[in-house]
Amino acid sequence: LVLDVGGVGFELIVSHRTLLTVGGIGEPAILHTSLSIRENEWLIFAFPAQEEKELFSILQTVSGVGPKLALAVVSTLGVTQLIEAIVSDNHKMVSQAPGVGPKVAQRIILELKSRVEEWNQRRGLSRPADGQAPSRAAEEVQIILEGLGYTATEINMALKKARDEQVADDVEELVRYSLKVLGSTAVSTQ
């Protein structure tokens with residue numbers, strides 16, 4: 001994404017999900033930014049929600065997690081699922097993000113569990129209910145959709161929409177709904 005400021009273009013690094021929600025060229029958009037300065041590299045990361053930016057910053061406090069890996073984790077899981085995964089010690093869910101293996105997922109959960117719980121309470125959000133952890137049906141749907149070639153980000157987005165729309169917790173229903181959502185997303189991005 002390029003931000004035009006008085007004729008000077010600033011490249012913003014965003015997730016695929018953010019690109020889908022921003023709108024067209026020239027349309028107004030509000031993004032929350034974070035500047036990452038390394039030895040010879042200045043990078044601007046942008047997020048559609050303040051919560052994503054805050055989690056992005058919190059993730060970077062984990063040893064071995066830089067800004068690009070933190071962006072991958074936040075964009076793959078989203079705020080709600082990432083909080084659920086950390087609070088419920090779900091290593092498998094955290095390791096769905098590209099570049100996150102089991103050891104890094106374990107380190108993220110170990111180092112951030114209490115901090116994320118505190119952050120979640122400060123934000124006025126309740127602790128995710130145990131019933132919101134991925135059901136067995138949702139896990140099966142993830143495996144099916146992965147087999148069809150969908151990415152973890154796409155799958156998580158579809159399953160989140162299914163939860164929001166209160167689709168029945170049935171493998172067949174979830175697959176049907178997810179394919180419908182993923183099909184409409186593919187059409188809108190072409």
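**Exercise 1. How many helices and how many strands are in the chain?**

Work on a predicted model: local features need pLDDT of at least 70, side-chain atom pairs count only at pLDDT 80 or more, and totals for chains, interfaces and linings use all residues. Residues are numbered from 1 along each chain as its sequence is written, and side-chain values use heavy atoms, with hydrogens and water left out.

Step 1. Take the DSSP runs: helices are H or I with at least four residues, strands are E with at least two, numbered from the N terminus.
Step 2. Count them: the chain has eight helices and four strands.
Step 3. Read along the sequence: the pattern is β-β-α-β-β-α-α-α-α-α-α-α.

**Exercise 2. Compare the radius of gyration of the chain with the globule rule.**

Step 1. For 190 residues the rule gives 16 Å, and the chain has 17 Å.
Step 2. The two values are close, so the chain is as compact as a globular protein of that length.

**Exercise 3. Check the span of helix α7, then list its buried residues.**

Step 1. The expected span is 1.5 Å times one less than the number of residues.
Step 2. Helix α7 (residues 152–164) has 13 residues and should span 18 Å; its end C-alpha atoms are 18 Å apart, which agrees.
Step 3. Buried means under 20% relative accessible area (1.4 Å probe, protein chains only). In α7, Ala-152, Thr-153, Ile-155, Asn-156, Met-157, Ala-158, Leu-159 and Ala-162 qualify.
Step 4. Look past the helix: Gln-166 follows α7, with a positive phi near 55°.

Technical notes: Rg over C-alpha atoms; globule rule 2.2 N^0.38 Å. Buried < 20%, exposed > 50% of the residue type's maximum accessible area, 1.4 Å probe, protein only.
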